[in-house]
Amino acid sequence: MAFEPPEPLNIADFYLGDRLREGHGDRVALHVPEGQLTYAQVERLAAGWASTLRDLGVRQEERVMVALPDGSAAVGALFG
């Protein structure tokens, strides 16, 4: 069976929102150099980055370059 992504695809909602709606916010989502992050922690990081990008004038659908080392900041920026 082939994967049919939803249209439009929002990766934050697809990877985080679905897990949170399923009640898995306290489960480990990622292992990063700083330790483990739960789905809820990743969502909070993403919300913080989204807010920062919005405050800087970045609009939905605009692309930004992210150049961060592997870790929680990079994950937050990706989903934000």
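1. Let's start with α1, where Ala12, Leu16 and Gly17 are buried (buried is under 20% relative accessible area, exposed over 50%, partly exposed in between, with a 1.4 Å probe and protein chains only). Looking down the axis of α1, these buried residues fall within an arc of 95°, so they line one face of the helix (the arc is taken from the directions from the helix axis to the C-beta atoms). Helices here are DSSP runs of H or I, at least four residues, numbered from the N terminus.

2. A word on the model: it is predicted, so local features need pLDDT of at least 70 and side-chain atom pairs pLDDT 80 or more, while totals for chains, interfaces and linings use all residues. Residues are numbered from 1 along each chain as its sequence is written, and side-chain values use heavy atoms, leaving out hydrogens and water.

3. The cover over the buried residues of α1 includes α2 (39–55) and α3 (72–79).

4. Now the ends of α1. At its start, a side-chain oxygen of Asn10 comes within 3.0 Å of the backbone nitrogen of Ala12. Just after α1, Gly23 has a positive phi of about 85°.

5. Leu9 sits in the segment before α1 (11–21). Leu9 is partly exposed, at 44% relative accessible area.

6. Over in α3 we find Ser72, which counts as buried at 18% relative accessibility. Not counting residues up to four places away in sequence, Ser72 touches Val32, Glu34, Leu37 and Leu45 (contact means heavy atoms within 4.5 Å).

How values were computed:
Helix = DSSP H or I, 4+ residues; strand = E, 2+ residues; numbered from the N terminus. Polar contact = N/O pair within 3.5 Å; in protein donor to acceptor, adjacent residues only side chain to side chain.
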